[in-house]
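Here are my notes on the model you sent. Please read them with the structure open beside you.

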Amino acid sequence: MPRYEYRCRSCGTTFEVSRPMAESSAPADCPQGHDDTVKLLSTVAVGGAATGAGAAPQAGAGGGGGCCGGGCCA
């Protein structure tokens, strides 16, 4: 179940609520009892799996030469 982050405008407390996506825009009460809250935008980080710590691209697996994607950034 997704978790949504809220901030209370009355006391400044930030808190999370687990609820179904269908209820994502429903109001949430502050744990301190206030009802003037706002839903915060959350960022999601998605990463891939690497084999081994600091795994480098294998030969022939694509990838470039660094930031520019070519051979100019060794």
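1. Y6 and F15 are both buried. Buried means under 20% relative accessible area, exposed means over 50%, and partly exposed lies in between (1.4 Å probe, protein chains only). Across the protein chain of 74 residues, 14% count as buried.

2. A word on the source. This is a predicted model, in which local features need pLDDT of at least 70 and side-chain atom pairs count only at pLDDT 80 or more, while totals for chains, interfaces and linings use all residues. Residues are numbered from 1 along each chain as its sequence is written, and side-chain values use heavy atoms, with hydrogens and water left out.

3. Back to the rings. A pair of aromatic rings is described by the distance of the centres and the angle of the planes. The search of the whole structure turns up one aromatic pair. Y6 and F15 form this pair, and it is stacked, with 5.7 Å from centre to centre and 20 degrees between the planes. The rule: rings of Phe, Tyr and Trp (its six-membered ring) pair if their centres lie within 6.5 Å; planes under 30 degrees apart are stacked, over 60 edge-to-face, and the rest tilted.

4. Now the fold. The protein chain has zero helices and three strands. From the N terminus on, the elements run β-β-β. Helices (H or I, at least four residues) and strands (E, at least two) are DSSP runs, numbered from the N terminus.

5. In what order do the three strands of the open sheet lie? The order is β2-β1-β3, with antiparallel pairing. The edge strands are β2 (14-18) and β3 (37-39), each pairing on one side only. From one strand to the next, the twist averages 35 degrees. For such angles, axes are lines fitted to C-alpha atoms (for helices, over the stretch in contact), and angles run from 0 to 180 degrees between N-to-C directions.

6. Strands of a sheet pair through backbone hydrogen bonds, either parallel or antiparallel. Here two strands count as paired if DSSP finds at least two bridges between them. Strand β1 (residues 3-8) pairs with β3 in the antiparallel sense, over three bridges. C8 stands opposite T37 in β3.

7. Next, charges. Two salt bridges are found in a search of the whole structure. The test is a side-chain nitrogen of Lys or Arg within 4 Å of a carboxyl oxygen of Asp or Glu. E16 forms one with R3, and their closest N and O atoms are 2.6 Å apart. E16 lies in strand β2 and R3 in strand β1, so the pair ties together parts that are 13 residues apart in sequence. E16 is partly exposed, at 46% relative accessibility.

8. D36 and R9 also meet in a salt bridge, at 4.0 Å from N to O. D36 lies in the loop between β2 and β3, and R9 in the loop between β1 and β2, so the pair ties together parts that are 27 residues apart in sequence. D36 is partly exposed at 34%. R9 is exposed at 54%.

9. Take a second look at R3. R3 is exposed, with a relative accessible area of 53%. Not counting residues up to four places away in sequence, R3 touches E16, V17 and S18. Contact means heavy atoms within 4.5 Å. R3 and S18 are 15 residues apart in sequence, yet 4.3 Å apart in space, C-alpha to C-alpha.
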